[in-house]
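Please find below a note on the model under review. It is arranged as numbered points for reading beside the coordinates.

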Amino acid sequence: MSTYVVGDIQGCHAALESLLDHLQFDRARDRLWITGDLVNRGEDSLAVLRWCVAHDDCVVAVLGNHDLHLLAVAEGFVPPHRKDTLEMILAAPDRELLLEWLRQRPMLHREGDWLMLHAGLPPEWDAAAAQRHAGELERALRGPDWRTFLKDMYGNEPRRWNPLLAGQERLRFIANALTRTRYLHLDGGLEFQHKLGLGTAPDELVPWFDFPNRRSADARILFGHWSTLGLLVRQDVVALDTGCLWGGALTAFRLENEQCFQVSCQARHKP
């Protein structure tokens, strides 16, 4: 049995099929973990979602910012963005089944030494705290008031973690940390504007995984979200968004021997 962790697919169904063929993926034997952003901006988000639902027995997918965005758009809380490619899902006869499946996905997956999430963590959270706080958001999304969270999900505040945060502010911070983080300010606050790779940020910004004394440093964290960072394999973190959407590659990382596999992708948008 092999466990493959795949970076952001974002609706690039042809690339997903090509990668699975390359891996000789066998659902009876193998498992596929996905770092979030299953949908949006690519050409066939509907096919990606349908594939995941049909392979639910061997797929573990965490939610990314584009997945949460789809849920909010589907409920009419925000209009689609100009570059969104969600129309096929929203018009599909099985949309409710697909959206319900998506809403039930975890925000974080922890197994053995590995921790998979979409984007990053604030420096105050260790692995256990990250799992607890992700669970808070999962319960909100799966509970009877899930629309309340989605309606008020958007916004950049609060930027700093405080255990006394409550209600929508607390849930918004958890969602932003897990699905939008790339850099942190020197005080540990979340930063959302700078999206380029290492070595490009001003001195007052630090990649979340290089923040001094971050409490999650003893976990092995798998994440996506940061296409300009590209493939990064270290003892503490493995970054797997290799810009498939932009004509880069779709990458899989096999946990058992830490080997990477890639297929080339056709560009759908300019970065």
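This is a predicted model: local features need pLDDT of at least 70, side-chain atom pairs count only at pLDDT 80 or more; totals for chains, interfaces and linings use all residues.

1. Burial here denotes a relative accessible area under 20%. The buried positions are His66, Asp67, Leu68, His69, Leu70, Leu71, Ala72, Val73 and Ala74.

2. Which elements surround helix 3? Its buried residues pack against helix 2 (45–54), helix 4 (87–91), helix 5 (95–103), helix 6 (127–142), helix 7 (146–151) and helix 8 (167–180). Just after helix 3, the backbone at Gly76 adopts a positive phi of about 80°.

3. An open sheet is formed by three strands in the order 7-6-8, with antiparallel pairing. Strand 7 (190–191) and strand 8 (205–207) are its edge strands, each pairing on one side only. Strand 6 (residues 183–185) is joined to strand 7 by two bridges, and Tyr183 has Glu191 of strand 7 as its bridge partner.

4. Strand 12 (residues 249–254) and strand 13 (residues 259–264) are also antiparallel, paired over six bridges. Within this pair, Val263 of strand 13 is the residue opposite Leu250.

5. Which residue has a positive phi in the hairpin of strand 12 and strand 13? Four residues lie between these strands, and Glu258 takes a positive phi near 60°.

Conventions. Residues are numbered from 1 along each chain as its sequence is written. Side-chain values use heavy atoms; hydrogens and water are left out. Two strands pair if DSSP finds at least two bridges between them. Buried means under 20% relative accessible area, exposed over 50%, partly exposed in between (1.4 Å probe, protein chains only). Contact means heavy atoms within 4.5 Å.
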